[in-house]
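Thanks, everyone, for making time this morning. I would like to walk through a few local features of one model, so please have the sequence and the structure open as I speak.

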Amino acid sequence: MRKGFGVLARVFAAVAMWFTLVSASVAADPLTINGAGATFPYPLYSKWFYEYSNAHPGVRFNYQSIGSGGGIKQITAGTVDFGATDAPMTEAEMKALPGPILHIPTALGAVVIVYNLDGVETGLRLTPDVLAGIYLGKINRWNDPKIAELNKTVTLPNADIVVAHRSDGSGTTDIFTNYLATVNADWRAKVGRGKSVNWPVGIGGKGNEGVSGVVKQTPGAVGYVELAYAKQNKMKVASLRNKEGNFVAPTLEATSAAAAGAAKTMPDDFRVSLVDAPGKDSYPIAGLTWLLVYKDQKNEANGKALVQFLKWAVRDGQKMEAALDYAPLPKAVAEKVDNAIHQISSKGKPLY
């Protein structure tokens, strides 16, 4: 009998250990937050997700860098926990949502003009009208008198200009075309602004990565990408004439200068344009990038984890931006965003 009890005791002990191991395994399985959208902030978000997951092992991120248009589609369909966009949602897009959503600004970035010209180093000068003329197909040779007049100390080649643009729905494109539509009446009338437009000329590339690749691989090419991509790929960048008439190179300081007034004029929903900003040192093609988060989170656990990450991003995450060529949010804006995160709840229960 005692022998039988001993066998049963060992069996129960083995079963208990198995349950303990299974419970530990389940507890160790990290919660996954899914997101999709903008390629513009992808270098920054990759750093954030890595650092945050290292500090919080119970949370991991799955982010698809598919462009702002894709991010808006996926958050609308509810297939991700957050979307990401460099173009604020339109009123029509907002009406298609199943519930109220927040635009959470995360960073400021610059859209820069990159080019591939042998013998012509970084700093090629372009004006708004010349840039619009290139993308309209009206200026199609690098030694065109309008470009040569701006760059008298440079020998420009008698070569075709190969225009590169995004092929996907893109917030970077929205910022770029918003700028062209703001500064050039011809562009405004013929093409306009949008995440996707009917390009008069050019070769398409998917994502900032795709446009960078087209320009790097194509002699005579010109394109537009986020500043971090230009720096990472060691690409030549143009200086643009700003609203005050000064030629300004795309730098972190010039991006911050463009956002200097953002704190005073920032609307409550954070949907604002920074293109063609006033200021003698302002770089003219700057913009915010946003995370799109539903105010009412269906999954309380995921919602709470997402809120904790957003709080971290608006506070600690801002310290990582400059090293990746993004400008942090002005302090007053960051405080306003932190307050907005308080609105996120799940079934009426605050998650902040």
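Where α2 and α13 meet, Trp48, Phe49, Glu51 and Tyr52 in α2 are in contact with Ala305, Gln308, Phe309, Trp312 and Ala313 in α13. Sorted by class, the residues of this contact are seven nonpolar, one polar and one charged. Please keep in mind that this is a predicted model. The axes of α2, residues 42-55, and α13, residues 300-315, come within 11 Å of each other and cross at roughly 115°, which means that α2 is roughly perpendicular to α13. The crossing of α2 past α13 is right-handed.

Let me turn to a histidine. His103 sits in strand β4, which spans residues 101-115, and His103 is buried, its relative accessible area being 3%. A polar atom of the His103 side chain lies 3.1 Å from the backbone nitrogen of Met89, and, leaving aside residues up to four places away in sequence, His103 also touches residues that include Pro88, Asp269, Arg271 and Trp290.

Finally, a word on backbone geometry. Most residues other than glycine have a negative phi. Asp276, however, which lies in the loop between α12 and β12, has a positive phi of about 50° although it is not a glycine, and Asp276 is buried, with a relative accessible area of 15%. Asp325, in the loop between α13 and α14, likewise has a positive phi, near 70°, and Asp325 is buried, with a relative accessible area of 15%.

Terms used. Residues are numbered from 1 along each chain as its sequence is written. This is a predicted model: local features need pLDDT of at least 70, side-chain atom pairs count only at pLDDT 80 or more; totals for chains, interfaces and linings use all residues. Side-chain values use heavy atoms; hydrogens and water are left out. Axes are lines fitted to C-alpha atoms, for helices over the stretch in contact, and angles run from 0 to 180 degrees between N-to-C directions. Helices (H or I, at least four residues) and strands (E, at least two) are DSSP runs, numbered from the N terminus. Angles under 35 degrees count as roughly parallel, over 145 as roughly antiparallel, 65 to 115 as roughly perpendicular and the rest as oblique. A crossing is left-handed if the near helix is turned anticlockwise from the far one by less than a right angle, and right-handed if clockwise. Contact means heavy atoms within 4.5 Å. Ala, Val, Leu, Ile, Met, Phe, Trp, Tyr, Cys and Pro count as nonpolar, Asp, Glu, Lys and Arg as charged, and the others, Gly among them, as polar. Buried means under 20% relative accessible area, exposed over 50%, partly exposed in between (1.4 Å probe, protein chains only). A polar contact is a pair of N or O atoms within 3.5 Å; within protein, one must be able to donate a hydrogen and the other to accept it, and residues adjacent in sequence count only if both atoms are side-chain atoms.
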